[in-house]
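Thanks for coming, everyone. I'll go through one structure in a few minutes. Please look at the model first.

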Amino acid sequence: MWNEQPKIRIEKRIEILLWIFLAAFAFLVIRLWYLSILETALYQQKSEMNRIRITSLPAPRGNIYDRYGKILAQDMPHYAVSYLPENLEMSDIVSRLERVIGRSIDNLPRERPSGEILLIDSITFEEVIRIEEAKQDLPGIMVEVRPSRVYPGDDTLSHIIGYIGSIGKEELREKGHLGYGAEDLIGKSGIELYYEEVLRGEKGYRRIEVDALGKIVRMLDVQPPRFNNSLVLTVDYEFQKFGHELLQGKRGVIVAGKPQTGEILVMATYPAFSPNRLVQGLTHEEWTRLIEDPRQLFHNQSLQSLHPPGSIFKPLLALGALEENLVDGNQRIFCPGYFDYNEFRYHCWRRSGHGALNLVEAIAVSCNIFFFHLGLKIGPVGINRWAANFLLNSGSGIDLPGEKISLFPDARWKRQRFAERWFPGDTLNYSIGQGYLLMTPFSMYRLIAGIATRGTLYQPHLLKQIITNDGTLERVNTPKVVKKLTLKDSTWHLVQEGMRQAVRNGTAQMLGDLPVAIAGKTGTAQNPHGEDHSWFGGFFPADNPEIVLLVFIEHGGDGSGIATRITRSMIEWYLTHRGGRL
């Protein structure tokens, strides 16, 4: 009896071991079934991925042309060297390559997701030939043709065309689902940014078979990349270049366009930057120096700088006052050279006074006293209403990024901004384009264009056409009227006549002897930070406007000086080179 207990314990242990064995066996059978049946596709895919490496080939971008077919931006061939690891050590292949091209390789090798290693970003065509001739001694070395953006006009159109650069982490997060990769270039500003999706081409790829050690076995196939679309802009490159040269050494803007279509021919801004320099790549220190340059090289002053317009603003006040019957063409107001209001005295720019004058004469000689009277009649709310009528209190919708909105102040704005009430003196300053009023040069251009067309406001634009890679016309930008202001004929006539008289015998007489009738208005904007700003805006021919011009020179002094001189040069160039051909 005493021998039965050990025997039972042994049998129980054998039974437990048997169950453990059966459980392990069952687990192995189920795992085998799971891997061989359910996970077959996954492991076949992983195996295929380990065997085949796919390298993305960068997409070229479309060309950008001016209205006459001049190339403004294009991709040029750019050679790089990559290495598909074989049996050689990295140091060995690098030293062989250096011997072949006759120079040391300064680039740090960069490994791609495909396993390839980028050894040199850029080599010359002569170096390409040497590498191809020595191919037997350079196993795994490949020469790649990559697109490199070139801007033939360099800084002439930098604020219009913009530039491209390496995609950033934030951009990659936003656009990664669209197929962008870490090595891609992307539009950073200007047309390159605004039409990124149109200009961007389609990537290609290269499929390579490798062995279990990751060594190259053979090249399977190559799908070359392709570009999709090119852009034709409304810009006249030669006209733009001439304007750009006129701005050298200054800080300012020239805008020229066709008022009857909204096409922009010139949008020159200086200082400017070199987009070619950015494409070639900068060190962190070089980039920091550029963006911290006190000249604000990347600042598109046409759309992003805000300044008091001075007297060039007066035609808007005249339009509003005439249309609301607050003044008529015969009414004369006496200018003694000053205007006393409450306990303060406000001066005309001509301290000796202009005498008695009507609205046409007041526009022509830019009399402050006359417009003080009009300003008090129409008030800041009325001025803002007329700015809104010309859509100046909103963005223009031009196809460029980063446009700022002009500031048209009123009592509410001042209370919120300074916790002060609006004084009559604020209205007087406002009525001559001073005080808190701030406008972009492009906003002022839109006002002059609206006066030239007698209230037909066209959508301003830079894109003329989109052409596909096979030459098909994909899209043509036709003129688009965004608003039609219906005012009395007499209103338009008196204001345009005032601008016409400004050229004949007023503040813009410098333009009076040109062989075309010109209507225009000068502006001298005071500012507390230095010399006055110089403005001119006008159009020609005066009776059938074909071109609108706006010139702004920061700290340029009197508007009848440098801004008008530059305008004269622009008109002379146009009449000589483009008269009747646009």
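Before the details, the ground rules. This is a predicted model: local features need pLDDT of at least 70, side-chain atom pairs count only at pLDDT 80 or more, and totals for chains, interfaces and linings use all residues. Residues are numbered from 1 along each chain as its sequence is written, and side-chain values use heavy atoms, with hydrogens and water left out.

Arg 61 bridges to Glu 196, with the closest N and O atoms 2.9 Å apart. Arg 61 sits in the loop between strand 1 (52-57) and strand 2 (64-65), and Glu 196 in helix 8 (residues 196-199), so this pair ties together parts 135 residues apart in sequence. Helices (H or I, at least four residues) and strands (E, at least two) are DSSP runs, numbered from the N terminus. Both Arg 61 and Glu 196 are buried. Buried means under 20% relative accessible area, exposed over 50%, partly exposed in between (1.4 Å probe, protein chains only).

Next, Lys 414 and Asp 426. Their closest N and O atoms are 2.7 Å apart. Lys 414 lies in helix 16 (residues 411-418) and Asp 426 in helix 17 (residues 424-431), so the bridge links parts twelve residues apart in sequence. Lys 414 is buried, and Asp 426 is too. There is also a network: salt bridges with shared partners join Arg 61, Asp 75, Arg 149, Glu 192 and Glu 196.

Glu 144 is in strand 6 (residues 141-150) and Arg 206 in strand 9 (residues 204-210), so parts 62 residues apart in sequence are tied together.

Now helix 15. Where does the kink in helix 15 lie? At Gly 379, shortly before Pro 380, and the angle is about 90°. That bend is the angle between axes fitted to the seven residues ending there and the seven starting there.

Last, two side chains. His 307 is in the loop between helix 12 (301-304) and helix 13 (314-323). His 307 counts as buried because its relative accessible area is 9%. Trp 19, in helix 1 (residues 4-38), counts as exposed because its relative accessibility is 57%.

Definitions and conventions: Salt bridge = Lys/Arg side-chain N within 4 Å of Asp/Glu carboxyl O.
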